[in-house]
Amino acid sequence: MSIKNGIPASGKHSPADAYPTPPFEHQKQPFPGLASEMKPRPDHGETSYKGSGRLAGRKALITGGDSGIGRAVAIAFSREGADIVINYLPEEEQDAQEVVELIRAEDGKVVAIPGDIREEAFCQKLVKQAAEELGGLDLLVNNAGRQQFCESITDLSTADFDATFKTNVYAMFWITKASMDYLPRGAAIINTSSVQAFKPSDILLDYSQTKAAIVAFTKSLAKQLGPKGIRVNAVAPGPYWTVLQCCGGQPQEKIEKFGASSPLGRPGQPAEIAPLYVTLASSENSYASGQVWCSDGGTGTL
């Protein structure tokens, strides 16, 4: 059976059967976790994604590019011809180096810049360094996120609430603001929201708020930047098999049956959503801006 972009090429093969289904093994990692330690290991498109030059000559900064959806986007963008910078936390160096080695082995250009995007000064430095390393910047993917479940608002500390907003909302604002010095006409910004913005879980009170804020940020900024020729869109993933879930994003009992309630009966794999980011980044999709594109396995959240 041939595979393209993570999906079996044969139209006769059901997408419900394309990837592992629950139950999954009991697994828990300390935050921020490593994709390399997950069982089963997520598919980020390492062997399946086939590019066609849709982003040739583009220069992209991708936050959270070491694992999960960010890694899949980094691989896809590179194979579509883009030069990229990935950002990640220093604790995620092992995962980041896997991405770097893969892309460089294929003669792609990738620069890895570790650092904590909860700090405004680092966000400004990150954008400046990315533009210098790539000789410009015309694609920005605000993807890095923090998700830690909490059963009750009475147990949700101000420190945790602040950390989630700093990672998911403040950093997006700081990085996007700094990028305005570099993004030319024809550039594109893609933000990672979530179905949690529209159908929030009771145990993700702070996370769901940040993802709703990302939707509003995207729609408002698209109106600001449209006259400048810059498109702004968001992707809203449903249940995707990423390390974000295994390092405190979900209780362990939910990890074991993660994605089972979706119509396809399984979680999505990062390789399955990366093509959406490619589409939104491509100049072929030049009239789409201010939109939120959902991928949730058939639940129909949007």
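Begin by selecting Phe-77, Ile-84, Ile-86, Ile-190 and Tyr-277, the residues with the most contacts inside the largest nonpolar core, a set of 32 residues. A nonpolar core is here a set of buried Ala, Val, Leu, Ile, Met, Phe, Trp, Tyr and Cys residues joined through side-chain atoms within 4.5 Å. Buried means under 20% relative accessible area, exposed over 50%, and partly exposed in between, with a 1.4 Å probe and protein chains only.

Next, colour the elements that give two or more residues to this core: β3 (59-63), α1 (68-79), β4 (83-88), α2 (93-105), β6 (139-142), β7 (188-192) and α8 (270-281). Among these, α8 gives the most, with 7 residues. Helices (H or I, at least four residues) and strands (E, at least two) are DSSP runs, numbered from the N terminus.

The model is predicted: local features need pLDDT of at least 70, side-chain atom pairs count only at pLDDT 80 or more, and totals for chains, interfaces and linings use all residues. Residues are numbered from 1 along each chain as its sequence is written, and side-chain values use heavy atoms, with hydrogens and water left out.

Centre the view on Ile-190. Leaving aside neighbours within four places in sequence, Ile-190 is in contact (heavy atoms within 4.5 Å) with Phe-77, Leu-140, Val-141, Asn-142, Asn-233, Val-235, Tyr-277, Leu-280 and Ala-281.

On a 1 Å grid over the protein atoms alone, a cavity is a set of points where a 1.4 Å probe fits but cannot get out; a pocket is an open set with protein on both sides within 12 Å along at least five of seven lines; lining residues have an atom within 4 Å of a point. Grid points are joined across faces, edges and corners, and a volume is the space filled by probe spheres set on the points.

A search of the whole structure finds 1 cavity of 30 Å³ or more, and the largest cavity has a volume of about 50 Å³. To display its lining, select Thr-63, Ile-117, Asn-142, Ala-144, Thr-167, Asn-168, Ala-171, Met-172, Ile-175 and Ile-214. Helix α4 (residues 158-179) supplies the largest share, 5 residues. By class, this lining has 6 nonpolar, 4 polar and no charged residues; Ala, Val, Leu, Ile, Met, Phe, Trp, Tyr, Cys and Pro count as nonpolar, Asp, Glu, Lys and Arg as charged, and the others, Gly among them, as polar.

For the second largest pocket, of about 170 Å³, select Tyr-240, Leu-264, Arg-266, Glu-272 and Gly-297, which lie nearest its centre among 13 lining residues. That lining divides into 6 nonpolar, 4 polar and 3 charged residues.

Proceed to the cysteines. The structure holds 0 disulfides (pairs of cysteine sulfur atoms within 2.5 Å). The sulfur of Cys-246 is 7.4 Å from the closest cysteine sulfur, in Cys-247, too far for a bond. Cys-246 is buried, at 0% relative accessible area, whereas Cys-294 is partly exposed, at 26%.

The last stops concern the backbone. Most residues other than glycine have a negative phi, and most peptide bonds are trans. A cis peptide bond joins Phe-31 and Pro-32, with omega about 10°, and the bond from Lys-39 to Pro-40 is cis, with omega near -5°. Pro-32 is in the loop between β2 (7-8) and β3, and Pro-40 is found in the loop between β2 and β3. Finally, select Asp-107, which has a positive phi of about 65° although it is not a glycine. Asp-107 sits in the loop between α2 and β5 (110-114) and is exposed, with a relative accessible area of 74%.
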